[in-house]
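Here's a quick briefing to read alongside the model. Have the sequence and the 3D view open together as you go.

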Amino acid sequence: WEFGGDADFRGVSFRGEATFEGAIFPGQANFENARFEQMADFQLANFESVRFAKDANFNGVSFARAANFRKVTFSGKARFNRGMFQNESLFAKAGFA
């Protein structure tokens, strides 16, 4: 699925598993200060195979469980300042501009 325009998840708390498999973010994706309490899977964005066409902001994001960013494409800036990964984080075959 494709988000139309910008995606703003600032400060959102994802209490269950967060799966964004196959998502396309054509605009800016802002997850600043979001909290992922369960598994965050950005594989095929699950976030695996997710494509961020512009900047992706994960500043201050807390991943309590595994975070999967395999095969993610970051075409713009990818920001993870003050991010907390409390478990394994997978970035195999991720592409950064």
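This is a predicted model: local features need pLDDT of at least 70, side-chain atom pairs count only at pLDDT 80 or more; totals for chains, interfaces and linings use all residues.

Residues are numbered from 1 along each chain as its sequence is written, and side-chain values use heavy atoms, with hydrogens and water left out.

**The sheet**

- Four strands, in the order β4-β8-β12-β16, make up an open sheet with parallel pairing. Strands here are DSSP runs of E with at least two residues, numbered from the N terminus, and two of them pair if DSSP finds at least two bridges between them.
- At the edges sit β4 (24-25) and β16 (95-96), each of which pairs on one side only.
- Strand β12 (residues 73-74) runs parallel to β16, with 2 bridges between them; F74 has F96 as its bridge partner in β16.
- As background, strands of a sheet pair through backbone hydrogen bonds, either parallel or antiparallel.

- N30 belongs to strand β5 (residues 29-30). Is N30 buried or exposed? N30 has a relative accessible area of 17%, so it counts as buried (buried is under 20%, exposed over 50%, partly exposed in between, using a 1.4 Å probe and protein chains only).
- Apart from neighbours within four places in sequence, N30 is in contact with A7, D8, F9, R10 and N57 (contact means heavy atoms within 4.5 Å).
- A polar atom of the N30 side chain lies 2.9 Å from the backbone nitrogen of E32.
- From N30 to N59 is 29 residues in sequence and 8.6 Å in space, C-alpha to C-alpha.
- D55 sits in the loop between β8 (51-52) and β9 (56-57), and its side chain reaches the backbone nitrogen of K77 at 2.9 Å.
- Not counting residues up to four places away in sequence, D55 touches Q28, A29, G76, K77 and R79.

**Aromatic pairs**

- How many aromatic pairs does the structure hold? There are 19, where rings of Phe, Tyr and Trp (its six-membered ring) pair if their centres lie within 6.5 Å; planes under 30 degrees apart count as stacked, over 60 as edge-to-face and the rest as tilted.
- F31 and F58 are stacked, because their ring centres are 4.9 Å apart and their planes are at 5°. This pair links distant parts of the chain, 27 residues apart: F31 is in the loop between β5 and β6 (35-36), and F58 is in the loop between β9 and β10 (62-63). Both F31 and F58 are buried.
- F52 and F74 are also a stacked pair, at 5.2 Å centre to centre with 5° between the planes. Here too distant parts of the chain are linked, with F52 in strand β8 and F74 in strand β12, 22 residues apart.
- F52 is buried at a relative accessible area of 0%, and F74 is buried at 1%.

**Positive phi without glycine**

- N33 is a residue other than glycine with a positive phi, near 60°. N33 lies in the loop between β5 and β6 and counts as partly exposed because its relative accessibility is 44%.
- K93 isn't a glycine either, yet has a positive phi of about 60°. K93 is found in the loop between β15 (89-90) and β16, and at 73% relative accessibility K93 counts as exposed.

Note on methods
A polar contact is a pair of N or O atoms within 3.5 Å; within protein, one must be able to donate a hydrogen and the other to accept it, and residues adjacent in sequence count only if both atoms are side-chain atoms.
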